[in-house]
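Q: Hi! I have a structure here that is new to me. Could you walk me through it?

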Amino acid sequence: MNESVNLIRVGRIKRRRRYIIVTSILAIIAFVLCCAMLMLGNTIYPVDDVLRVLLGEEVKGASFAIGTIRLPRMLAGVFAGFAFGVGGYVFQTMLRNPLANPNVIGITAGSSAAAVFSIIVLHASYAVVSIASVIGGLATVIVIFLLSRGTSFSIGRLILIGIGIQAMLNAVISYLLLIGQQHDIPTAMRWLSGSLNGSKMETLYPLIVVVLIFAPIIIASEKRLELLDLGEQTATSLGVHTDKTRIVLLTSSVIILALATATTGPIAFVAFLSGPIANRLVGIGFSNIIPSGLVGIILVLASDLVGQFAFVARYPVGVITGILGAPYLIYLLYRMNRKGNL
Amino acid sequence: MKVAHTFQAEGITAGYENRTILHDVSINIPSNKISVLIGANGCGKSTLLKTMGRLIKPFSGQITLDGKPIDKIPPKQFAQVLGFLPQSPIVPEGITVTDLVGRGRYPHQKFLKGWTKKDYEAVAEAMEIMNITEYADRHIDELSGGQRQRVWIAMALAQQTDILFLDEPTTYLDITYQVEILDLLTDLNRKYGTTIVMVLHDINLSARYADHIFALHNGQIMAEGEPSKVISSNLIKDIFGLHCTVIRDPVSDSPFVVPIGRHHNHVRMYS
């Protein structure tokens with residue numbers, strides 16, 4: 001008995017250690033990228049200038065560049081990246097399919113469409129746009145679930161219906177952008193692939209508040225999320241309120257995803273890539289909610305830096321993540337098609 | 001030794017959406033014994049197990065555990081008394097045996113707390129009983145069907161419940177593994193007094209391993225009791241529509257059903 005206890009303890013400690021090490025490394029990389037976001041730009045500021053600005057000192061030139069442009073840009077990337085990573089992971093784990101994520105099944109498109117509608121048609125204030133994007137995201141989830149219920153629920157059907165809905169919503173977004181005014185065209189990119197350009201402090205607060213409220217709720221449900229992964233019956237027999245858990249997790253994820261989408265646009269494929277990357281790095285067995293969030297931050301910040309500085313022209317972050325995500329989507333479709341479990 | 005419980009269902013009618021499968025079933029689970037539900041496909045044995053295991057809400061009727069209606073018991077508390085192994089549980093990709101067995105500890109764990117000494121001991125004990133300690137760090141997807149089934153049962157054992165429900169634990173397994181699983185479950189019952197209720201397809205194995213048989217037909221209980229008293233060629237004819245002759249199992253002396261079929265019914269030797 002004691003021998004077996006030791007045996008399983010050794011294995012578990014090894015996996016736990018890997019979880020902690022990988023998560024710490026991810027956190028360090030994310031932190032370094034945050035610093036890079038603040039230091040790099042047309043003028044490169046040293047660390048002590050950045051620190052002084054952050055502590056509220058007035059530094060000539062740096063205060064404006066860092067305080068007004070780079071800091072909001074970095075924070076938008078951090079919170080949106082975390083929200084996309086966590087939200088995507090929750091969807092993929094709960095529906096047990098990496099394709100079942102907010103980017104592919106149209107939930108971020110639902111938020112985008114609602115946001116674009118309230119901007120172009122209603123000329124609404126930022127608060128209204130945020131609320132509309134949450135409602136748009138939730139409504140899309142509900143429509144997809146209702147349509148995929150049919151005689152028997154299948155995740156494959158849910159995904160196909162989601163893909164269809166996403167195409168429809170993207171058509172709506174394109175149409176709205178067409179009938180919108182000429183000067184709205186530059187924002188078109190933002191709503192189609194996402195960008196950190198033009199992030200402002202005052203438009204960030206709703207996202208920050210919502211992530212600080214709902215991310216802990218999701219993290220607190222991680223054990224129940226693990227059990228849902230064993231299927232409805234096993235989870236129920238272990239004492240999980242499966243319906244309640246699902247509603248809490250879905251609603252919280254949709255809310256953070258929707259606000260992230262309303263703030264930066266639907267940064268392509270971050271919600272899709274973060275979970276699988278985190279699972280690959282950490283291994284499965286512990287809930288990978290936090291690692292997924294960190295991978296989300298890293299993807300967004302690194303892609304934004306690449307988009308800003310790697311090429312002659314500047315590309316918004318969504319273009320870069322799109323280039324990363326599309327091949328993975330094709331690979332996944334190919335693999336699942338061969339295994340026959342789409 | 002496991003605690004004795006009175007676990008009863010009274011007049012339950014249950015099923016799925018617009019299909020009623022169980023009609024006014026009353027049942028009393030014998031404590032600390034092995035009970036087996038038998039019956040033809042679609043007779044409601046699995047539905048009965050799920051309804052009593054709280055996976056399905058009955059349309060009407062009442063199920064009580066120690067006199068308390070089960071829908072009044074908080075789910076985690078209920079899960080400390082009753083474990084349920086579904087027919088085809090879903091295997092998460094890439095999980096290790098230890099971690100999967102450990103998930104059975106959920107009903108005993110506090111909010112946001114890691115594994116305690118008790119958790120480790122329960123997991124180790126469950127893995128020892130099911131003989132899977134050597135696979136502790138292996139991934140589930142690398143195991144064979146029989147090994148996997150032992151892991152699932154270990155997960156239910158880690159739950160440390162007095163009552164264990166199993167929905168067709170031997171289906172899809174080779175005969176060797178079927179016997180192995182049923183032997184292990186019998187050990188569990190004899191050693192710890194765990195009340196076991198399961199659905200089995202093989203009548204002869206049911207007759208051999210069960211202390212108590214519930215024979216279901218069209219959503220009702222046709223007969224129940226000790227296998228030697230319950231299983232007869234008439235009962236098999238009634239619930240399966242199968243002509244057969246019942247002899248004694250030469251190994252266990254339990255009833256043994258031998259089907260007749262159309263091509264051999266001229267042989268009158270046994271009837």
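Predicted model: local features only at pLDDT ≥ 70, side-chain atom pairs only at ≥ 80, totals over all residues.

Q: Are H1(A) and H4(B) roughly parallel or roughly perpendicular to each other?
A: H1(A) and H4(B) pack at an angle of about 110° with their axes 9 Å apart, and are therefore roughly perpendicular (65 to 115 degrees). Axes are lines fitted to C-alpha atoms over the stretch in contact, and angles run from 0 to 180 degrees between N-to-C directions. Helices are DSSP runs of H or I, at least four residues, and strands are E runs of at least two, numbered from the N terminus.

Q: Which residues make the contact?
A: H1(A) brings A:Ser4, A:Val5, A:Ile8 and A:Arg9, while H4(B) brings residues including B:Tyr120 and B:Met127. In contact means C-beta atoms, placed from the backbone, within 7 Å.

Q: OK, how many residues do the chains bring to their contact?
A: 33 residues of chain B are in contact with 27 residues of chain A.

Q: And which element gives the largest share on chain B's side?
A: That is H4(B), with seven residues. H2 (75–81), E6 (82–85) and H3 (97–103) of chain B are among the elements giving two or more.

Q: New topic: what does A:Ile256 touch?
A: Leaving aside neighbours within four places in sequence, A:Ile256 is in contact with residues including A:Ala83, A:Val86 and A:Phe214.

Note on methods: Residues numbered from 1 in each chain as written. Chains lettered and ligands numbered in written order. Contact = placed C-beta atoms within 7 Å. Parallel < 35°, antiparallel > 145°, perpendicular 65-115°, else oblique.
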